[in-house]
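Reader: I would like a close look at one part of this structure, the charged side-chain pairs. Please take me through them slowly.

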Amino acid sequence: MIPMTLHEIAQVVGATLDDVPDPRALVTAPSAVDSREVVPGGLFAATVGARVDGHDYAAGAIAGGAVAVLASRPVGVPALVVGDVQLAIGLLARHLLEHLSPTVIGLTGSVGKTTTKDLLAQVLERHAATVATDRSFNNELGLPLTVLRADATTRYLVLEMGAGRKGDLTYLTGLAPLQVGLVLNVGTAHVERMGGGPADVAEAKGELVEALPADGFALLNADDPYVMGMAGRTRAHIVLYGRSPQAQVRAEAVRMDDRARTSFELVTPSGRAPVGLDLIGEHQVSNALAAAAVATVLGLGVAEIADGLNAARRRSAGRLEIVERPDGVTIVNDAYNANPESMRAGLRAVKALAGSRRTVAVLGAMGQQADASRARHAEMGRLVADLRFDVLITVGAGDPLAMAWAAECSNQGVAVHAVEDVAGALSLATALVEPGDVVFVKASSEIGLGACARALADASPKAQ
């Protein structure tokens with residue numbers, strides 16, 4: 001954050017100062033929308049959510065060191081009062097970028113955004129000062145909060161950009177104009193809001209490359225036909241990445257070890273170098289190549305990129321997060337979110353990790369799958385059976401029951417159990433899991449299965 005007085009911020013966002021003793025007070029630190037994450041010298045943006053109104057926490061934020069509250073009404077403490085807090089925080093972020101000069105990189109896709117963002121940040125920060133999206137703060141509030149962490153030393157600004165509906169990426173790229181745009185894939189995440197099919201998702205995701213300038217770079221996944229279809233929608237220089245021979249940044253000689261970690265030969269225009277990822281699942285190759293493609297157009301050499309990927313570690317919780325219990329049970333927490341593409345990749349990665357060990361899948365609903373939801377859940381049930389999982393526990397009524405039914409009808413020997421809620425899943429899994437098992441936990445975030453995964457990871461080994 002570049003230092004600004006409250007008066008200057010008010011001018012930028014069109015705010016009225018309320019209960020502000022000194023308009024010259026400086027804001028020197030980033031903003032937060034969670035009062036528990038306020039840092040001294042920052043702003044607290046009081047937003048209204050479905051269950052929590054940030055205005056109720058204004059006094060606590062000031063006590064925690066916030067200089068003022070960005071609010072939609074007076075709150076009894078120093079405040080910048082605006083008509084729309086979300087719009088105001090976006091205006092402030094855009095103003096900041098106009099006074100700084102980082103290379104702004106935006107990335108989107110149906111799956112893999114956060115992992116790719118984390119890999120890319122770890123490659124770039126070895127080269128120069130880098131600010132990247134925290135966790136999955138990739139929406140109309142999260143993106144400005146990331147921008148407001150940048151300062152005069154920031155060389156690279158890596159922005160994960162989510163799209164729940166058409167128009168979202170046009171808005172986000174308007175707040176943070178890009179020099180580099182990366183599209184990972186087109187799947188079924190948010191398909192319900194976008195029109196019902198992958199072509200509609202592709203239309204929305206393609207807004208990112210449409211926003212790029214003629215001297216920018218559009219990095220497209222050569223292995224995804226919907227992404228490749230975006231080539232005609234951008235003025236920018238196009239660079240392809242993937243496992244396709246036509247990709248300028250590609251992987252050759254892909255291998256997987258007995259811990260389901262992948263290695264490959266990274267090929268870029270500057271040469272080739274070996275890469276070994278400390279992440280499970282063959283699908284991570286595509287995420288690593290996407291990060292490598294960005295680093296390539298930014299001028300990093302293949303050896304430097306490979307070194308960064310080799311040293312990279314998982315940063316974000318709930319994404320194929322592995323915990324080893326003392327009794328040999330391995331918990332794989334992938335419960336941050338779910339759609340058919342990520343569920344499929346996770347199930348396969350866990351089976352590769354398990355080898356001959358017994359496997360248990362605890363699966364909940366995949367949200368926003370529109371009219372195809374029941375069929376897609378049934379498909380996941382068949383996949384669980386085809387992969388020879390030993391136990392399947394489905395959580396919740398409705399579509400998860402289609403998953404259970406499909407697995408039970410497969411005649412593959414999987415033991416199927418259906419429970420109503422997260423508490424039931426934890427109780428049953430605790431009873432069924434045996435020493436040495438590999439347990440995979442996944443659902444859309446609103447289901448709350450992350451709590452089940454964490455509780456299973458912390459559980460005491462059974463008495464022998």
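Author: A salt bridge is a side-chain nitrogen of Lys or Arg within 4 Å of a carboxyl oxygen of Asp or Glu. Side chains of opposite charge can pair when their charged atoms come close. The model is predicted, so local features need pLDDT of at least 70 and side-chain atom pairs count only at pLDDT 80 or more, while totals for chains, interfaces and linings use all residues. Residues are numbered from 1 along each chain as its sequence is written, and side-chain values use heavy atoms, with hydrogens and water left out.

Searching the whole structure gives 24 salt bridges. One of them is between the side chains of R243 and E282, at 2.9 Å from N to O. R243 sits in the loop between β12 (237-242) and β13 (249-256), and E282 in the loop between β15 (271-280) and α11 (284-297), so this pair ties together parts that are 39 residues apart in sequence. The helices (H or I, at least four residues) and strands (E, at least two) named here are DSSP runs, numbered from the N terminus. R243 has a relative accessible area of 38% and is partly exposed. E282 is partly exposed as well, at 39% relative accessibility.

A further salt bridge joins the side chains of E252 and R272, at 3.0 Å from N to O. E252 belongs to strand β13 and R272 to strand β15, so the pair links distant parts of the chain, 20 residues apart. For E252 the relative accessibility is 29%, which counts as partly exposed. R272, with a relative accessible area of 45%, is partly exposed.

The next pair lies between helices. E379 forms a salt bridge with R344, and their closest N and O atoms are 2.7 Å apart. Because E379 lies in helix α14 (residues 373-386) and R344 in helix α13 (residues 340-354), the pair ties together parts that are 35 residues apart in sequence. E379 is partly exposed, at 31% relative accessibility. Salt bridges can also share partners: D257, R261, D278 and R313 are joined in this way into one network.

Cysteines are a separate matter. A disulfide is a pair of cysteine sulfur atoms within 2.5 Å, and a search of the whole structure finds 0 of them. C409 is partly exposed, with a relative accessible area of 41%, whereas C452 is buried at 0%.

Note on methods: Buried means under 20% relative accessible area, exposed over 50%, partly exposed in between (1.4 Å probe, protein chains only).
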